Amino acid sequence: MAAGNRWRIAGPLELLVLQPTPFCNLDCTYCYLPDRDSKRRMSDATLNRVFQFVFSSGIVEQGFTVVWHAGEPMVLPVAYYQRAIEIARAHNPGGVQVRQSFQTNGVLIDDAWCEFFKEHQVNVGVSIDGPAFLHDGNRKTRKGAGTQHRVMEGIRKLQSNNVPFHVISVLTSESLDYADELYDFYVDNEIREVAFNIEEIEGPHAASTLGTAGVESRFRRFIGRFFDLVARDDLALSVREFDSMVPMILNGNQHEDFPPTQENSPCAILSVDCEGNFTTYSPELLGLTSSHYGDFAIGNVNTDTLESAINSDKFRNMSSDIARGLSKCRETCEYYSLCGGGAPVNKYFENGSFDSTETMFCRLNRKAIVDVIVAKLQNPIGAATDAA
């Protein structure tokens, strides 16, 4: 029996999230990474073992994406990633498609990086929170200075070198008052693909500005206004949250066997830190600690196999708790068919347990967005956006 069929609890792999270094050259106020001062890096030996581990695991069935993240990946040189790609190819004799993706703060982008991105068709995501008056309040240098102008220099480099990219903006309480300003910022700067993350409660970031009274109605107004602006300009701006949710709503995606999200599916996402420790489910779990589990790593690629990790007591306990929470979501939440279950990392750090249901993330980034879009689709002109 093939290795991939011995335990159908796992896979197939969709995302391999690699932390080449925990170090970040910035000091964002809402960062959840506990070890971002460390300049450790994943060695070539560990890189070699990562790809050997992955391709022998039995969970690679089709193509997957390598996401370089969790720290600022571009503090390491281009040559590091050229070697990493060569190492991956050496362990991929079958020629499975391995896509490359970088999530970066953007301040180190130059012509050499742009050539690398083009050579390997890298998917590039740049973190920028909008105009300087919003961005610089949270995304700072280690000396406390704003970084928006430097990120924009990086974006200009991508544009002048014809490198496709998208941006991720973190929404804080302050952002919610500036839908028009954010929209104009993207359009004026020829940014065409946008994704919104909310300021989450994770690990050391134990409180969010979105956790205050009255935020939900403000969030709904923000989303409603932004939806109107995108629709007004004939969809000149692509917004991840709208692009993913509108087709599901229009197609009536209402069935009981809606598949769990990647974050609730064992080994759909595999995350590996610079020392080779790995986990699955929410990538943000890796490196964080837990009073219940100790930490969330289920093994190390240098000493363990994926099968031994999945058969460990820690994984079984985590998996059982996540599955029970997912079952409760399915049984109790009318939005489940448009969601697939809340992210384990949000459940654990907001509710104290994987075996739980609604979180602030659910209320804002799922329920509120669905309600707003449904209202807009039913009555595009002047629709109320703050009704439940």
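Guide: Ala, Val, Leu, Ile, Met, Phe, Trp, Tyr, Cys and Pro count here as nonpolar, Asp, Glu, Lys and Arg as charged, and the others, Gly among them, as polar. The model to which these classes are applied is a predicted one.

Visitor: How do the residues of the lining of the second largest pocket divide into nonpolar, polar and charged?

Guide: The second largest pocket holds about 290 Å³ of space, and helix α2 (78-90) and strand β3 (98-104) each supply at least two residues of its lining. Among the lining residues are Ile85, Ala88, Val96 and Val98, together with Arg89, Arg99 and Glu119, and also Asn92 and His120. Sorted by class, the lining comes to four nonpolar, five polar and three charged.

Visitor: Which residues are buried in helix α11 (residues 344-351)?

Guide: The buried residues of α11 pack against β10 (289-290), α10 (313-332) and α12 (360-378), and the helix is followed by Gly352, whose phi is positive, near 85°. With buried taken as under 20% relative accessible area, the residues of α11 that qualify are Pro344, Val345, Asn346, Lys347 and Tyr348.

Visitor: Why is the pair of Phe133 and Tyr178 edge-to-face?

Guide: This pair belongs to a structure that holds 32 aromatic pairs, and the two ring centres lie 4.9 Å apart. The pair links distant parts of the chain, with Phe133 in helix α4 (residues 132-135) and Tyr178 in the loop between β5 (166-171) and α6 (179-188), 45 residues apart. Planes over 60 degrees apart count as edge-to-face, and the pair is edge-to-face because its planes stand at 75°.

Visitor: Is Tyr178 buried, partly exposed or exposed?

Guide: A residue counts as buried under 20% relative accessible area and as exposed over 50%, with partly exposed in between. Phe133, its ring partner, has a relative accessible area of 42% and is partly exposed. Tyr178 has a value of 26%, so Tyr178 is likewise partly exposed.

Visitor: Which ring does the charged end of Lys39 sit over?

Guide: A charge of this kind must have NZ of Lys within 6 Å of the ring centre. The charged end of Lys39 is 5.1 Å from the centre of the ring it sits over, that of Phe23.

Methods:
Residues numbered from 1 in each chain as written. Predicted model: local features only at pLDDT ≥ 70, side-chain atom pairs only at ≥ 80, totals over all residues. Heavy atoms only, no water. 1 Å grid on protein atoms, 1.4 Å probe; cavity = no way out; pocket = protein on both sides within 12 Å on 5 of 7 lines; lining within 4 Å. Points joined across faces, edges and corners; volume = space filled by probe spheres on them. Helix = DSSP H or I, 4+ residues; strand = E, 2+ residues; numbered from the N terminus. Phe/Tyr/Trp six-rings, centres within 6.5 Å; stacked < 30°, edge-to-face > 60°. Buried < 20%, exposed > 50% of the residue type's maximum accessible area, 1.4 Å probe, protein only. Lys NZ or Arg CZ within 6 Å of the ring centre and 35° of its normal. Contact = heavy atoms within 4.5 Å.
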